Amino acid sequence: MGQPAAKQRRATYADLEAVPPNKVAELIGGVLHVLPRPAPPHTRAASRLGGKLSGPFDLGEGGPGGWHILDEPEIHFPDPASLGDVEAVVPDLAGWRVERMPELPETAFFPLAPDWICEVLSPSTEEYDRAEKMPVYAREGVRHAWLVDPIRRTLEVFSLVPGRGWAPVATHRDAARVRIEPFDAIELDLSLLWAK
């Protein structure tokens, strides 16, 4: 007769800090997720989207301003299953309204949930982004989520319905020119995200 499986130890923030710097590490539900750095199409789509949004929304150049738009911020949430532990996620892009976060924190992480997140999907992270991270963002009250897929050339838009989770708003494809909340003050040409 076999022995019962040993209970796996919950990972802690110290485990996350021990991950080599050439990896992306996140901690959700006591499980440490170590991911490779993104591939060029992923990085290109995230960089271009961040660039398009930063001018008008972060800097107020040709747009309303009023946002902090950041690449790969480390965000900490309380771990609901363990007192004192944290969950740590690193979205590809995130945005906070200045009215909610007037100044950036002094810490190496953000303790306040963003108003908007964007995850750029890749074959190795898509299931994790959808099944693990999106529920955490909903639980923590992030109001807007975008999922960008540079291979399928799509941008999926979700809006938070309090108490119910994410509601799909739209899926935009290829070279669509779109206005999407919360950044509908400008038109986005999606073809720029897929350009080689």
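Reader: Where is proline 182 placed?
Author: Proline 182 sits in the loop between β11 (177-178) and β12. Keep in mind that this is a predicted model.

Reader: And the peptide bond from glutamate 181 to proline 182, cis or trans?
Author: That bond is cis, with omega near 5 degrees. Most peptide bonds are trans, and most residues other than glycine have a negative phi.

Reader: How exposed is arginine 153?
Author: Partly exposed: the relative accessible area of arginine 153 is 34%.

Reader: What about aspartate 174, where is it found?
Author: Aspartate 174 is in the loop between β10 (165-173) and β11. Its phi is positive too, near 50 degrees, and aspartate 174 is partly exposed with a relative accessible area of 38%.

Reader: Switching to aromatics. How many aromatic pairs are there?
Author: The count is six. One of them is tryptophan 116 with tryptophan 146: the ring centres are 5.3 Å apart and the planes are at 80 degrees, so that pair is edge-to-face.

Reader: Which strands does that pair link?
Author: Tryptophan 116 is in strand β7 (residues 116-120) and tryptophan 146 is in strand β8, 30 residues apart in the chain. Both tryptophan 116 and tryptophan 146 are buried.

Reader: Why is the pair of tryptophan 146 and phenylalanine 183 edge-to-face?
Author: Because their planes are at 85 degrees, with the ring centres 5.8 Å apart, and planes over 60 degrees apart count as edge-to-face. This pair links strand β8 to the loop between β11 and β12, across 37 residues. Phenylalanine 183 is buried, as is tryptophan 146.

Reader: Which residues do ring pairs link into a cluster?
Author: Phe57, Trp67, Trp116, Trp146 and Phe183.

Reader: What lines the largest cavity?
Author: Lys52, Leu188, Asp189, Leu190, Leu192 and Leu193. Two elements give two or more residues to that lining, β12 (188-189) and α4 (191-194).

Reader: And how does the lining divide by residue type?
Author: Four nonpolar residues, two charged and no polar ones.

Note on methods:
Residues numbered from 1 in each chain as written. Predicted model: local features only at pLDDT ≥ 70, side-chain atom pairs only at ≥ 80, totals over all residues. Heavy atoms only, no water. 1 Å grid on protein atoms, 1.4 Å probe; cavity = no way out; pocket = protein on both sides within 12 Å on 5 of 7 lines; lining within 4 Å. Helix = DSSP H or I, 4+ residues; strand = E, 2+ residues; numbered from the N terminus. Nonpolar A, V, L, I, M, F, W, Y, C, P; charged D, E, K, R; others polar. Buried < 20%, exposed > 50% of the residue type's maximum accessible area, 1.4 Å probe, protein only. Phe/Tyr/Trp six-rings, centres within 6.5 Å; stacked < 30°, edge-to-face > 60°.
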